[in-house]
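Please look through the sequence and the model below before reading on.

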Amino acid sequence: MAGPEDYTPGGMRNVTPEAFQARDLDSIPPMNMGTRSHVLSMYVIFDHWIGYLCDSPTEYNKYPDILDYLSNIPTVWDRTLPLKARLGEYIVTAKQTGREWYVGGMTNWTPRKVTVDFGFLDRGKKYRAVVFKDSPDSGDHPTVYACDTIEVNRHTRMDMDMARGGGFAIRLSEQ
C-alpha cells in the first residue's frame, strides 16, 4: 500500500524456523524460512520494480520447472486483484499482464486451506494453469513441492493446502 519494497525473493535453500541460521559470509549460502512454493508466491504478491534471483544460478538449474516460471514472471502488472487475505495470517492475490494471469498465495506459520475462485478470468476462455504448491511434507521439509499443469476457466474453484510457512504460485496462460 505504501509502494515498492526492497526485498529479494527467490532463495532456494528453504528451511523451517527451527533450522534457520542467519548467515552473512560470502562462503556460506544464505537460508530462507518457508516452503519453496511460499518463496515462488512472493514474486506475485510483492510488488518489486526489478525482478532478479538471489541464489546461485546452479541452484535454479536443478529445477527446470521453477527456472521456467521465474524466467517468465513479469515485474509490471496491468491489473491486481486481492482475492482473500487476513492481515498477518494469509493472502491470495491475482495479477494480470497482457493475456496471462498469475495467482500467489502464502500463509504464516499456521497451515491452512484456501479456495481459489477463478471467476476473474474471461468468459468463454480456457487457461493452462501451471500450479506450484506445497506437498503434505512441505511443512517439515520446505524444499518439497509439487508442480501440476491443469486446465481452468472462470468456473473453476481450486482448494489449496498451504503448509506452515507455505504457499502456492499459479501461472495462467490463455489457450
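Predicted model: local features only at pLDDT ≥ 70, side-chain atom pairs only at ≥ 80, totals over all residues.

The ring of Trp77 is paired with that of Tyr102 in an edge-to-face arrangement, the centres lying 5.5 Å apart and the planes standing at 75° to each other. Because Trp77 sits in the loop between helix H3 (64-72) and strand E3 (79-86), while Tyr102 belongs to strand E5 (residues 100-107), the pair ties together parts that are 25 residues apart in sequence. Tyr102 is itself buried, with a relative accessible area of 0%.

A second pair is formed by Phe132 and Tyr145, whose ring centres are 6.1 Å apart and whose planes meet at 40°, so this pair is classed as tilted. Phe132 is part of strand E7 (residues 127-134) and Tyr145 of strand E8 (residues 145-152), so the pair ties together parts 13 residues apart in sequence. Phe132 and Tyr145 are both buried. How many aromatic pairs does the structure hold? There are seven, and ring pairs join Tyr63, Tyr69, Trp77, Tyr102, Phe132 and Tyr145 into a cluster.

Helix H1 spans residues 36-45 and is mostly covered, with 10 of its 10 residues buried. Among these buried residues are Arg36 and His38, as well as Val39, Leu40, Met42 and Ile45. Ser41, which also lies in H1, has a relative accessible area of 0% and is therefore buried. Which residues does Ser41 touch, once its neighbours within four places in sequence are left aside? The contacts are with Gly104, Gly105 and Met106, and also with Phe168 and Ala169.

Is Thr16 buried or exposed? With a relative accessible area of 10%, Thr16 is buried. Not counting residues up to four places away in sequence, Thr16 touches Met33, Gly139, Asp140, Pro142 and Arg164.

These local views can now be set against the protein as a whole. Its secondary structure comes to three helices and 10 strands. Of its contacts with a separation of 6 or more, 67% are between residues 24 or more positions apart. For 175 residues, a compact globule would have a radius of gyration near 16 Å, and the protein agrees with this because its own value is 16 Å. Along the principal axes, the C-alpha atoms fill a box of roughly 50 × 35 × 30 Å.

The protein carries 20 positive and 23 negative side chains, and the centres of the two sets lie 7 Å apart.

Conventions
Residues numbered from 1 in each chain as written. Heavy atoms only, no water. Buried < 20%, exposed > 50% of the residue type's maximum accessible area, 1.4 Å probe, protein only. Contact = heavy atoms within 4.5 Å. Helix = DSSP H or I, 4+ residues; strand = E, 2+ residues; numbered from the N terminus. Rg over C-alpha atoms; globule rule 2.2 N^0.38 Å. Lys, Arg positive; Asp, Glu negative; His and termini not counted. Charge placed at Lys NZ, Arg CZ, Asp CG, Glu CD. Phe/Tyr/Trp six-rings, centres within 6.5 Å; stacked < 30°, edge-to-face > 60°.
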